[in-house]
Amino acid sequence: MTAALSYRLVIRTLPWLTIGLLSLPVLSGLAGALAPAFGWLPALGGEQLSLAPWRELARVPGLGEMLRLSLVSGLGSALISLAVVVLFLGSFLQSPVYRRLQGWLAPLLAVPHAAAAIGLAFLLAPSGWVMRIVSPWLTGLDYPPDFAFPGDDWGLALILGLVIKEVPFLLLMSLAALVQCRADERMMVARSLGYPPLTAFLKTVMPGLYPLLRLPVYAVIAFATSNVEVAMILGPTTPSTLAVAVVGWLHDPDLTTRFMASAGALLQLLVTLVALLGWWLVERLVVRLSRGWWQDGHRHCGERSLSLLARWAMRLVLGLMLLALAGLALWSVAGYWPFPQSLPWPPTLGNWQDAADGLLSPVTQSLAVALGATLLSLVLVLGSLEAETLRRRPLRPGAQLILYLPLLVPSVAFLFGLVMLQAQLGQQPGMLAVILGHAVFVLPYLFLSLAESYRRLDPRWAQQARSLGAGPWRVFMGVRLPMLLAPILTAAAVGFAVSIGQYLPTLLLGAGRVETVTTEAVSLASGGDRRLTAIHALLQLALPALGFVVALLLPRLLFRRRRGLLLSH
Amino acid sequence: MRHTRGLLLAAMLAVPGIGQAFELSEWSTVTEAASGQTVYWSAWGGDSRVNGYIDWVAEQVEVRHDIELVHVKVGDIAETVGRILAEKSAGNTQEGTTDLLWINGENFAAMKERELLYGPWAEQLPNFSLTAPEQNPEVREDFTLPVEGYEAPWGRAQITFYYDSARVSEPPRSMPALLEWARENPGRFTYPKPPSFFGTSFLKQALLGLVKTPEVLYEPVDNADFEAVTAPLWRYLDQLHPHLWREGEDFPAGGPKMRQLMGDGSLSLAFTFTPSAPAAGVLDHQLPPSTRSYFLDDGTLGNVHFVAIPFNAQHKAGALVVANFLMSPAAQAHKQDLSVWGDASVLEMSRLSAEQREAFETDSRAAESLPPQAAGALLREPHPSWIEPLESAWRQRYGSQ
Amino acid sequence: MATLHLDNVQIHQGLQSLLSLDTAIAPGEIVTVMGPSGVGKSTLLAYIAGFLSPAFQASGQVRLDDTRLDTLPAEQRHLGLLFQDPLLFPHLDVEGNLAFGMRRGGERRERIRAALASVGLEAFARRDPATLSGGQKARVALLRVLLSAPRAILLDEPFSRLDAALRDEIRQWVFERVRDHHLPTLMVTHDEADARAVGGRILTLTKPDGSGNLYGREYGAPGS
């Protein structure tokens with residue numbers, strides 16, 4: 001087989017493998033939940049189809065409240081995040097503030113959801129850092145007050161926790177989209193016509209930007225309506241969100257609850273679909289109503305106050321995140337730290353020393369899983385992007401949707417079915433299954449992070465190389481890969497971070513045999529020792545951070561004498 | 001003859017995997033078969049002390065029996081039960097992923113009923129006789145259900161109340177007194193949300209303290225008028241809830257979360273299932289040094305916890321050896337050490353040699369936080385069939401406020 | 001050295017015909033294709049070099065003497081391509097860039113040194129291309145093409161990005177080299193000064209007539 005033929009074969013196969021990896025687990029997982037939801041699970045004596053699980057589900061007290069909570073926290077946090085991002089971009093797109101923020105985005109995105117939520121809870125709880133700092137001199141309190149936050153009935157803490165993670169995600173997604181829709185040119189034209197920045201942005205950039213942000217926004221809504229970790233740590237408990245309740249039912253000692261749990265998992269899928277549909281309808285309406293506004297010639301829309309709001313909202317988001325992380329660091333060195341003491345005194349390294357023995361195994365297993373999943377995803381993503389250069393056109397909309405499938409379908413809905421499938425196929429749970437499961441979630445993020453750089457690489461580089469006699473493999477290995485090393489490593493670091501943060505797939509597909517810093521952190525969070533929880537949450541943070549440091553330094557080291565390469569990214 | 005049967009059995013057992021062959025009645029065949037096996041032990045991983053103890057057990061069985069013990073940490077053992085169930089439904093009867101699990105009560109009842117357990121085996125373990133089951137019948141009974149050798153005891157627990165003596169001078173010593181105390185100290189007590197283990201245990205404790213005829217609770221729930229029997233409990237809770245933490249509209253997720261609230265100073269009275277846990281919490285900087293603990297005057301709920309082996313465990317011999325080691329005087333003494341875990345022993349001291357007994361001497365640190373030795377009658381667990389109706393009745397009344 | 005034949009080349013986009021061309025370029029001859037931007041000059045080069053986008057369809061043949069090129073993959077055509085940007089690979093040093101196009105074996109390093117010495121850049125072998133001046137980059141880019149032993153040269157607006165002061169000098173230098181190597185050369189440009197400097201045949205692609213077609217028209221051929 002000639003080199004060119006092998007190249008074509010491999011490169012044409014990889015996109016199909018990618019599609020398979022993304023869609024098969026999701027679809028078969030849903031199918032696996034479908035049968036028990038209608039009463040079919042022979043191991044539990046369910047041998048005929050019935051609607052009983054759904055009737056049982058309908059009788060769950062507070063079901064309506066659960067649905068409301070899932071919908072409100074999901075849609076609310078998505079709306080707030082999008083508003084903060086849009087107002088911020090509109091006000092500061094062409095200012096140094098924006099450029100400074102860009103460098104922070106990837107590391108902020110790398111903070112695992114569980115770690116951020118644990119940190120936020122430490123910060124805002126009645127006995128949290130904020131109350132300690134203002135007590136007793138301001139509040140007169142010697143004991144923590146008895147207010148319900150986090151865990152308030154409205155889900156405000158939950159919404160806040162989701163927002164501080166979603167804002168960096170949407171910002172990062174806009175980076176590429178802004179270039180793609182030529183935001184700078186649109187802004188320049190509008191501003192030269194006398195529109196101030198925010199109005200110019202809303203009237204000229206948004207109509208081009210939003211279609212490119214639509215799928216990321218949908219992914220945010222899907223995640224926010226169905227996530228488990230954040231809602232477990234910050235959400236209310238009486239009742240909880242539907243997703244948390246479903247996980248609870250899956251683990252109910254009464255095994256027959258699993259029928260209802262499967263119905264609940266499908267209901268979760270329905271809730272997410274309803275949220276997406278509702279958003280889509282509002283989206284249509286807004287577009288229709290804005291058409292006139294785009295061209296009505298008004299040049300001001302509360303520019304000053306909205307810019308101010310955007311600036312403070314962004315500061316609040318970033319500030320909360322940083323303070324939450326600082327709180328984690330303090331708890332990790334705290335001895336007995338009673339309220340209202342502001343700082344743990346004297347600090348101690350004892351917690352770290354006590355924990356050290358137990359950390360080696362989760363850290364190495366996290367690394368093994370994350371490296372495996374990232375490498376697998378990287379090969380598939382590079383193959384798919386390379387296939388685009390072969391076909392010379394980007395992804396079809398259908399393929400784009402498949403890419404988002406694991407982000408749009410609630411993972412509680414398909415993971416249970418997947419475990420059933422895993423057992424039926426006789427596949428041993430463990431490292432391999434976990435790596436594959438993680439890759440399902442890592443791949444989309446890796447693809448989204450890398451695609452723009454890959455597509456933007458001037459095709460003349462490849463043409464130059466081929467006209468110099470280089471075959472397609474050599475062009476790929478000798479030109480594209482080294483030239484794109486920096487963005488490839490950054491994308492890999494994003495994928496690595498996504499893998500480190502996974503909880504549910506690790507637990508379910510690994511049958512608990514694979515213990516990562518995240519499964520340890522979440523299982524310890526149920527044990528309530530703040531010091532140990534903080535240590536694991538910090539490790540959850542440190543591993544992705546390490547990934548980003550490598551991604552940043554390695555190209556600088558390898559190409560320290562190649563200025564052209566470093567400047568171009 | 002006996003020898004031939006052993007050989008035959010060995011040959012039969014040898015089919016699925018070499019090294020599995022053993023006969024329970026000849027312990028040496030078990031230890032031989034166990035050597036070199038990897039045992040997956042599914043156990044709650046929510047407490048670093050328990051995890052530390054299990055790590056120690058792993059080191060010990062590695063050295064003593066050449067067994068690699070892997071602690072599969074779970075948030076709730078029901079996760080493992082679900083997996084074994086899925087394996088059974090998939091026809092996996094030989095190569096189960098779990099070899100040993102830490103279990104009791106409701107989960108044991110469910111697994112036994114669905115024939116998900118291997119056994120009987122527990123009473124054939126060499127160390128079982130050290131528990132002196134004739135004197136301590138509780139090691140043969142799990143939530144009133146006869147164990148029948150399907151699980152081996154390895155520790156015991158009893159509801160123990162604890163409070164911050166810097167803020168509370170006279171803690172309540174009965175259920176009615178608790179209500180009075182909560183009225184006077186609003187927001188300073190709560191209990192975990194059922195169906196968490198601690199939450200359901202509190203419901204049972206309250207029920208035992210409030211019903212006139214507790215005997216009915218030891219029969220299956222179908223034999224009783226559930227509404228009538230539990231009416232005093234709901235009346236009690238209706239009165240208690242407005243005075244709880246967050247006015248009873250929100251409950252902590254579990255016992256450890258309740259301990260955290262104690263550490264923060266949000267609560268000044270709480271309870272645990274491990275009598276030594278408050279003292280251990282002081283040593284771990286999780287609870288104020290002024291923490292004190294006690295039992296209720298009429299006694300508190302207690303039970304024994306067990307390890308069981310799934311019907312499809314791949315490494316049964318290894319699991320048997322680990323279970324036997326867990327009941328050994330060395331393992332039990334180490335477990336009872338306050339600086340390790342502090343979980344009470346299931347062994348009958350009179351069956352041990354003087355030397356073995358010495359190992360059980362208690363740690364003197366944080367001794368003032370331990371409950372008084374003499375106190376507290378042990379109340380037996382009600383029949384497990386009460387649990388589900390209690391939990392769903394609670395959920396119906398308070399689950400969605 | 002062989003002659004580059006463009007036999008009845010026609011390029012279409014859908015039903016629309018873009019351009020048609022039928023000519024032969026002798027060894028050492030430099031033929032210039034002229035026309036304003038947007039008439040498809042670069043499409044023509046892309047077709048000859050083997051990079052025609054699937055949006056276009058082409059008919060006709062590209063040959064080097066009797067060897068047909070248009071059926072071969074780009075890397076087997078051995079056509080030296082020079083773009084308006086030098087496109088020196090930023091991850092390789094100057095030597096690495098030159099070596100990239102050369103066959104394995106032989107005295108590669110010696111030939112690279114000699115080639116650099118011939119343009120006064122012998123001290124630049126290990127340099128980062130980003131640190132070179134515009135003129136130096138242009139020279140290295142042409143050396144890279146020549147060292148890859150091409151059988152013909154394609155120039156795509158090769159001087160348009162250079163400073164006016166440098167342009168003449170580089171232009172003369174490039175043409176000399178190409179003629180020295182006796183390579184048939186096709187240059188695409190919109191700059192009449194380029195065409196004048198060559199002094200060879202000029203093919204002009206013009207804006208479409210009423211039918212919407214673009215076509216190549218051959219002017220006087222003083223060089224042939």
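**View 1. Chain B and chain C stay apart.** No contact joins chain B and chain C, where a contact means that the C-beta atoms of two residues, placed from the backbone, lie within 7 Å. The closest C-alpha atoms of chain B and chain C lie 48 Å apart. This is a predicted model, in which local features need pLDDT of at least 70 and side-chain atom pairs count only at pLDDT 80 or more, while totals for chains, interfaces and linings use all residues. To find your way around, note that residues are numbered from 1 along each chain as its sequence is written, and that chains are lettered from A and ligands numbered from 1 in the order in which they are written.

**View 2. Chains A and B meet.** Among the 2 pairs of chains that touch, chains A and B have the most contacts. Here 54 residues of chain B are in contact with 48 residues of chain A. Several elements of chain B give two or more residues to this side, including β1 (38–44), α3 (48–65) and α14 (387–398); helices (H or I, at least four residues) and strands (E, at least two) are DSSP runs, numbered from the N terminus. The largest share, 10 residues, comes from α4(B). The residues on the side of chain B that touches chain A divide into 15 nonpolar, 22 polar and 17 charged.

**View 3. An open sheet in chain B.** Look for 3 antiparallel strands in the order β8-β7-β9; two strands pair if DSSP finds at least two bridges between them. β8 (269–272) and β9 (291–294) of chain B stand at the edges with a single partner strand each, so one side of each has no neighbour in the sheet. Strand β7 (residues 160–164) of chain B pairs with β8(B) over 4 bridges in the antiparallel sense. Zoom in on this pair and you will find B:Tyr162 opposite B:Ala270 in β8(B).

**View 4. Chain A on its own.** Chain A has 24 helices and 2 strands. Its C-alpha trace spans about 70 × 60 × 55 Å along the principal axes. Buried residues make up 54% of the 569 residues in chain A, a residue being buried if 20 or more other C-beta atoms, placed from the backbone, lie within 10 Å of its own. Among contacts in chain A between residues at least 6 apart in sequence, 81% join residues at least 24 apart.

How values were computed: Nonpolar A, V, L, I, M, F, W, Y, C, P; charged D, E, K, R; others polar. Buried ≥ 20, exposed ≤ 12 C-beta atoms within 10 Å, placed from the backbone.
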